[in-house]
Amino acid sequence: EEWWDEKLKIKDQVDKTCKKYKSLMNYKSSVLLGQLYNKKKGLFNCRNGKVGTRSLKEIFFNLPGSKDLEDLNYKKFNSVISFSFVRHPFERLTSAYQNKFVDSKKGPARLEQYSEVSFPNFVDFVLKDFRKNCKNLATCAVDRHWMPYITRCKYCTVPYTVISKLGTMEQDLHYISTMVGVELKQGVVKNRSSGGSTEDLAREYFRALDREVVEQLYQLYKVDFDMFGYSVEEY
């Protein structure tokens, strides 16, 4: 099955990256915060902020037996189909900026220490959040909308059934539906941001940043870039 082969390639890359950065992955807790779990269907999704989270929440809440977001100890899982989605880290940052700062009435208040709401100011805000709250990847406590994937979903310790990318979500949910024996309908409540294509917008925003700043961001997400085969070249 071509689809499954593609997912195995991702898992293989995850395993290789975990071995490469083993010294950074000393997780102190086996709890995953604010996640989606349906005990009745044995289905678990680890959500990364700004990676289809609203759609996934809707899908789960349409399943009988789903609860509100839960803090879950993955070591207690038994026979669970687990899955998680990622996207290009820089597109995700762009999406967080558009949705939480440009399109939100709270945007100016969130950046009140700056003279205006702008992408360079947002990036400076993110870098300061990392400097203050992220001493290492295992215990990084930055805002969940830009928290590294490796921190949020503990890919080096949780044996996910499927790890996939946002661009193939519809197809992936179809196959996961088959695995779990229930239709995961993407009646998609997309959290659309202004500004058009996030991919194009990301390139435009990042062109306005100093190379040194782009490099700083890349270093913060280097493990995520390596783990999921993303490139920084076009930025």
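A search of the whole structure, which is a predicted model, finds 3 disulfides. They are set out in the table below, and the text then takes them one by one.

| Disulfide | S to S distance | Torsion about the S-S bond |
|---|---|---|
| C18 and C156 | 2.1 Å | -95° |
| C46 and C153 | 2.1 Å | about -95° |
| C134 and C140 | 2.1 Å | about -125° |

**Disulfides**

The link of C18 and C156 is left-handed, with -95° about the S-S bond. This pair links distant parts of the chain, since C18 belongs to helix α1 while C156 is found in the loop between α6 and β5, 138 residues apart.

Because C46 lies in strand β2 and C153 in the loop between α6 and β5, the pair ties together parts that are 107 residues apart in sequence. Here C46 is buried at a relative accessible area of 1%, and C153 is buried at 0%.

For C134 and C140, which a disulfide joins, the torsion of about -125° means that the link is left-handed. Both cysteines, C134 and C140, are buried. Counting the bonded cysteines along the chain, the disulfides follow the pattern 1-6, 2-5, 3-4.

**Aromatic rings**

The count of aromatic pairs comes to 26. One of them is formed by W3 and Y175, whose rings are stacked, at 4.5 Å centre to centre and with 10° between the planes. Since W3 lies in helix α1 (residues 2-20) and Y175 in helix α7 (residues 169-180), this pair ties together parts that are 172 residues apart in sequence. W3 counts as buried, at 6% relative accessibility, whereas Y175 is partly exposed, with a relative accessible area of 23%.

The rings of Y97 and F122 have their centres 5.3 Å apart and their planes at 35°, so this pair is tilted. Y97 lies in helix α3 (residues 89-102) and F122 in helix α5 (residues 119-133), so the pair ties together parts that are 25 residues apart in sequence. Y97 is buried, with a relative accessible area of 4%, and F122 counts as buried too, at 0% relative accessibility. Y97 and F122 also belong to one aromatic cluster, whose members include F90, F101, F119, F125, W146 and Y205.

Charged side chains are also placed over rings. R110 lies over the face of F101, at 5.8 Å from the ring centre, and K165 lies over the face of Y230, at 4.6 Å from the ring centre.

**Helix α2**

Which residues of helix α2 (residues 53-61) are buried? They are T53, S55, L56, I59 and F60. Seen down the axis of α2, these buried residues fall within an arc of 160°, so they line one face of the helix. What covers them includes the strands β1 (31-38), β2 (43-46) and β4 (81-86), together with α7.

**Two lysines with positive phi**

Most residues other than glycine have a negative phi. K50, although it is not a glycine, has a positive phi of about 70°, and its place is in the loop between β2 and α2. K50 is buried, with a relative accessible area of 8%. K154 likewise is not a glycine and has a positive phi, of about 45°, and it lies in the loop between α6 (149-152) and β5 (162-165). At 7% relative accessibility, K154 counts as buried.

**Asparagine 121**

N121 lies in helix α5 and is buried, with a relative accessible area of 16%. The side chain of N121 reaches the backbone oxygen of E116 at 2.9 Å. When its neighbours within four places in sequence are left aside, N121 is in contact with L111, Y114, S115 and E116.

Notes: Residues numbered from 1 in each chain as written. Predicted model: local features only at pLDDT ≥ 70, side-chain atom pairs only at ≥ 80, totals over all residues. Heavy atoms only, no water. Phe/Tyr/Trp six-rings, centres within 6.5 Å; stacked < 30°, edge-to-face > 60°. Helix = DSSP H or I, 4+ residues; strand = E, 2+ residues; numbered from the N terminus. Buried < 20%, exposed > 50% of the residue type's maximum accessible area, 1.4 Å probe, protein only. Lys NZ or Arg CZ within 6 Å of the ring centre and 35° of its normal. Arc of directions from axis to C-beta. Contact = heavy atoms within 4.5 Å. Polar contact = N/O pair within 3.5 Å; in protein donor to acceptor, adjacent residues only side chain to side chain. Disulfide = S-S within 2.5 Å.
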